[in-house]
Amino acid sequence: MRGLKPRIRPSLLIALADGVARCDRELVDIIHCDRRAVQRVLQDMHDQGLVHIADWMPAGDSYRWRPQYRLGQGDDVDCPLPTGRTSTQRVQQYWGSLSI
């Protein structure tokens with residue numbers, strides 16, 4: 001690890017200690033650091049079995065899903081299917097409706 005990233009892990013452990021499943025954006029607001037750094041540390045903690053994916057939440061207005069992590073070992077919840085359409089799907093449908 002580089003820079004201040006080793007300090008992020010203890011902060012994440014404290015933030016997740018209450019047992020509530022949280023996504024990376026909620027954790028960024030709690031511990032006040034870079035979102036990408038939080039994602040990397042969460043991925044490392046997930047690989048080591050320190051956290052698991054307890055739930056999924058919609059990622060804003062897009063069709064993607066954002067994992068919510070909970071402290072401790074457990075079975076990961078499967079990611080739901082994408083909702084809505086991608087931009088490519090919307091363009092293809094638009095051009096398909098214009099064909100004569």
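These entries record what I looked up in a predicted model.

**Entry 1: nonpolar core.** I began with the largest nonpolar core, which has 16 residues. I noted the members that touch the most others: Ile8, Leu12, Leu27, Ile31, Val38 and Leu42. The largest share, five residues, comes from H3. As general background, nonpolar side chains in soluble globular proteins tend to be buried together.

**Entry 2: Leu27.** I listed the contacts of Leu27, leaving aside neighbours within four places in sequence. Leu27 is in contact with Leu12, Ala15, Leu16, Arg22, His32, Val38 and Leu42.

**Entry 3: Trp56.** I located Trp56 in strand S1. Its relative accessibility is 17%, so Trp56 counts as buried, the cut-off being under 20%. Not counting residues up to four places away in sequence, Trp56 touches Trp65, Arg66, Pro67, Val77, Asp78, Cys79 and Pro80. For two of these I looked up polar distances to the side chain of Trp56: a polar atom there lies 2.8 Å from the backbone oxygen of Val77 and 3.4 Å from the backbone oxygen of Asp78. I also noted that the C-alpha atoms of Trp56 and Tyr69 are separated by 8.8 Å, with the two residues 13 apart along the chain.

**Entry 4: Gln68.** I found Gln68 in strand S2 (residues 65–71). Is Gln68 buried or exposed? It counts as buried because its relative accessibility is 12%. Beyond four places in sequence, Gln68 touches Ala21, Arg22, Cys23, Glu26, His52, Ile53, Ala54, Asp55 and Met57.

Note on methods. Residues numbered from 1 in each chain as written. Predicted model: local features only at pLDDT ≥ 70, side-chain atom pairs only at ≥ 80, totals over all residues. Heavy atoms only, no water. Helix = DSSP H or I, 4+ residues; strand = E, 2+ residues; numbered from the N terminus. Buried < 20%, exposed > 50% of the residue type's maximum accessible area, 1.4 Å probe, protein only. Contact = heavy atoms within 4.5 Å. Core = buried A, V, L, I, M, F, W, Y, C linked by side-chain atoms within 4.5 Å. Polar contact = N/O pair within 3.5 Å; in protein donor to acceptor, adjacent residues only side chain to side chain.
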